[in-house]
Every structure is written in C-alpha cells, then in structure tokens.
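My notebook is open, and I want to look up a few things in this model. I'll start with the salt bridges, then move on to a helix and the pockets.

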Amino acid sequence: MKYLLSSVAVVALALSISSAARAQSEITLLSPDPIKATIEKLLERFEAKTGTQVKVTYGTGVSTRKTVASGQALDVSLLFAPFPEALKTGNIVPGSATVIARLRLALAVQKGAPKPDISTPEAVKRTLLNAKSIISVDPTQGSVGGIALLALDKLGITDEVKPKIKWVQNGGLVQDSVAKGETEIALGPYLSDMRNPGLDVVGALPPEASTPVDITGFLSTSVKDSKAAKALLAYLSSHEVAPVYEAAKIFPAH
C-alpha cells in the first residue's frame, strides 16, 4: 500500500509537471484573416521546430487593429499598417515592432479581358481614370479599401476615380463581381487567394503607385512567455520562411 501511494504521488507529480510545461509552451497570436493560409503553414512549421504551441485568432485587417486598440492584444499581434490607435493603448510594446512581410495592392480583370498596363505610376493612373467601373472592399470592413484610397491619393486622382468605385463587404464579392462582368476592375490584395477562376490578376501595382503595406508584429505588454513570443516573431520575419511568403504572393521583409 505504501509503495502504491508513492507511485500514485510520482504519477501525479509527473502529470503536474507535464501540464505546467504545456501551459508554459503555449502562446497566443492575433492575425489578419487575409494572410490566414500562409500563417497556418508557418505556424505548423514553427510548432514542429520549437515545440511551442500557438493558439491563433483571426480577424479582418480593420478588426485586428480595433482589437488591439481596445486593449485586447494577444501575446503576439500582427497588424496591417497604419495602426496609430493600437500604439496609443499601451498594451503592445512599441520597441518590439517587427515587420514580418509586406502586402501589395493588385489589379484584376475578368478572365480573357484585355490586361491594362500597370507597369508605371502613369500607366496605373491612366488605367484607373479610363476604367468604367472599379470595385474594392469597403475601407470600414477591410484594410484593402483603405490601401486603395491611399493609392488614389498618391496618384493624385482621388476626386476623379472615387465616385466610380463600388465598395462591398469582402474580397469574395469583389472577385465575383469582376468575374461575372458586372465590374471592370478589381482592386484587391496581391495574394494567392485571389484565384477566382473567372479572374485574371494583372499583377501588383508598382510601389511608386501604391506603397507596400507592412505586416508588423508586436509583443503584448502582458505576455507571459516572452522568450517563446520573441522566437515566433523572429521566425515569421526570417529568411528561412521567405519562400512560403513568395509562394503566396506576399513579399518577404528581407
């Protein structure tokens, strides 16, 4: 009986230690949904490499910024720039800012339609001014709409082009509209998920026409396992993962 109790105590202790180890090796991540497929691949590799488990929560580019701005940052939060409201809250560490990759604004047309010239800022300007109709995600619903507006401002054609842009709730509606021939041009993220079979993605707009958007990671001020969180940020921004970003039409930070 004495030995049985000892054995039970040893097992209980072992389970306690194992449970504590698991708790210490789990961190949380907040990420914008447009890069979900890529993040999932990278997290699978990170977990296999380090043994650290990552519990991830997704939201739109807009909602993730609002989540952090409301004081609900996770251990690591990935945000599409700009994010001044998020920085003001004090629940992320500004000095931890790490650009993991960059997104570019892309232009797409209906499958088989003539592909407009977007090789230079002037060419992009002519294409958008000559377009009969344009569609993108509502800036209040997703980041890409805000990126599109910034591009128009950069090109100096906001007043002329904005009235003919139709704003919709999500990227799926954007792509469907152009694929069906209802709208001439789609402005969306240059990502592998823009693969509606009824679309031809002409390409990413040149940086001089649309500034690439930094995907920036931050540590929370309340992170419990800072070592694991820092390791995740370092991994997501490393040369090692560049091919994964490139395959998804995301531009690596390095």
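Which side chain does K49 meet in a salt bridge? I looked it up in this predicted model, and the partner is E240, at 2.8 Å from N to O. The two sit in distant parts of the chain, 191 residues apart: E240 is in the loop between α9 (226-236) and α10, and K49 is in helix α2. I also checked how open they are. K49 counts as exposed at 53% relative accessibility, while E240 is partly exposed at 47%.

**Entry: the other salt bridges**

I found three salt bridges in the structure. One of them pairs D214 with R102, and their closest N and O atoms are 2.7 Å apart.

Is D200 buried or exposed? I noted 14% relative accessibility for D200, and because buried means under 20%, D200 counts as buried. K111, by contrast, is exposed at 52%.

**Entry: helix α5**

Next I looked at which residues are buried in α5 (residues 121-130), and I got A123, V124, T127 and L128. They are on the same side of α5, because they cover an arc of only 130° around the axis. I then checked what covers them, and my list includes β5 (105-110), β6 (134-137), α6 (143-155), α7 (158-161) and β8 (185-189).

**Entry: the pockets**

The largest pocket holds about 470 Å³ of space. I got 25 lining residues for this pocket, with P34, V137, V144, G171 and P189 nearest its centre. Which helix gives the most to this lining? That is α8, with four residues. By class, I wrote down 11 nonpolar, 11 polar and three charged residues.

The second largest pocket has about 200 Å³. Of its 15 lining residues, A37, T38, K41, S192 and A248 are the closest to its centre. Helix α2 supplies the largest share of this lining, five residues. The classes here are eight nonpolar, two polar and five charged.

Technical notes
Residues are numbered from 1 along each chain as its sequence is written. This is a predicted model: local features need pLDDT of at least 70, side-chain atom pairs count only at pLDDT 80 or more; totals for chains, interfaces and linings use all residues. Side-chain values use heavy atoms; hydrogens and water are left out. Buried means under 20% relative accessible area, exposed over 50%, partly exposed in between (1.4 Å probe, protein chains only). The arc is that of the directions from the helix axis to the C-beta atoms. Contact means heavy atoms within 4.5 Å. On a 1 Å grid over the protein atoms alone, a cavity is a set of points where a 1.4 Å probe fits but cannot get out, and a pocket is an open set with protein on both sides within 12 Å along at least five of seven lines; lining residues have an atom within 4 Å of a point. Grid points are joined across faces, edges and corners, and a volume is the space filled by probe spheres set on the points. Ala, Val, Leu, Ile, Met, Phe, Trp, Tyr, Cys and Pro count as nonpolar, Asp, Glu, Lys and Arg as charged, and the others, Gly among them, as polar. A salt bridge is a side-chain nitrogen of Lys or Arg within 4 Å of a carboxyl oxygen of Asp or Glu.
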